[in-house]
Amino acid sequence: MPLRIGLAIGLVSLLVAAGCGSSSSSSSSSNTSSNASSAAKGTVAVDLGTTKAGKVLVGPSGRSLYLFEGDKSASSKCSGECAKDWPPLTTSGKPTAGTGVTASRLGITKRANGTEQVTYNGHPLYYFGGDKKSGTIAGQGLDAFGAEWYVVGSSGSKVEKGEAKSGSKDSSSSSKSSSGSGSSSGGSSSGGSSGGSSY
């Protein structure tokens, strides 16, 4: 009798050990596929959206994308406070083009902090913190951080229609010199989360 119990316990121990082994390898493979899918999620799509300025580039959240006239090349000149008000559209892989967007115009530039920012036709792309939902272009034509900001058309050029009133330009300019992000410049960086909240 004790021999049978000993054999039964030994057999159960072997089965449990075998089960644990296969469970850990399957959990390991599921972790690998999970990592691969999260890497794929890091890539962003650039589409066209409708605004009062017409069809413009939008990020994955549907919010409008801007170019900064202070960027004289594909390298971004917007960092620190500027990047808080104008969060860059970042990616961790090759960006994809939606309908109406030319894939060959999409590119990537390395930011000073090592993150990768999406470019279109050589322009680094940014959200505006004051745009809380898709279709709005509250940052259009604002003069902030040393130059003006414009939404971008499918051609890759700035769109000048729908500019903010001159009063808004002045308040945005003055807000950049304040210690915190003013409400007129939309200090919230919540929009940068889809496509890159790191600056």
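Cys-78 has a relative accessibility of 1%, so Cys-78 counts as buried, where buried means under 20% relative accessible area, exposed over 50%, and partly exposed in between (1.4 Å probe, protein chains only). Cys-82 has a relative accessibility of 4% and therefore counts as buried too. A disulfide links Cys-78 to Cys-82, with an S to S distance of 2.0 Å; the term denotes a pair of cysteine sulfur atoms within 2.5 Å. By this rule the count is 1 disulfide. The torsion about the S-S bond of Cys-78 and Cys-82 is about -110 degrees, so the disulfide is left-handed.

This is a predicted model, in which local features need pLDDT of at least 70 and side-chain atom pairs count only at pLDDT 80 or more, while totals for chains, interfaces and linings use all residues. Residues are numbered from 1 along each chain as its sequence is written, and side-chain values use heavy atoms, with hydrogens and water left out.

The protein has 3 helices and 11 strands. These are DSSP runs numbered from the N terminus: helices are H or I with at least four residues, strands are E with at least two. Read from the N terminus, the order is α-β-β-β-α-β-β-β-β-β-β-β-β-α.

Of the 199 residues in the protein, 35% count as buried. Taking contacts (heavy atoms within 4.5 Å) between residues at least 6 apart in sequence, 67% join residues at least 24 apart. The accessible surface of the protein is about 10,000 Å², and carbon and sulfur atoms contribute 56% of that surface. Accessible areas come from the Shrake-Rupley method with a 1.4 Å probe; for residues, only the protein chains shown count as cover.
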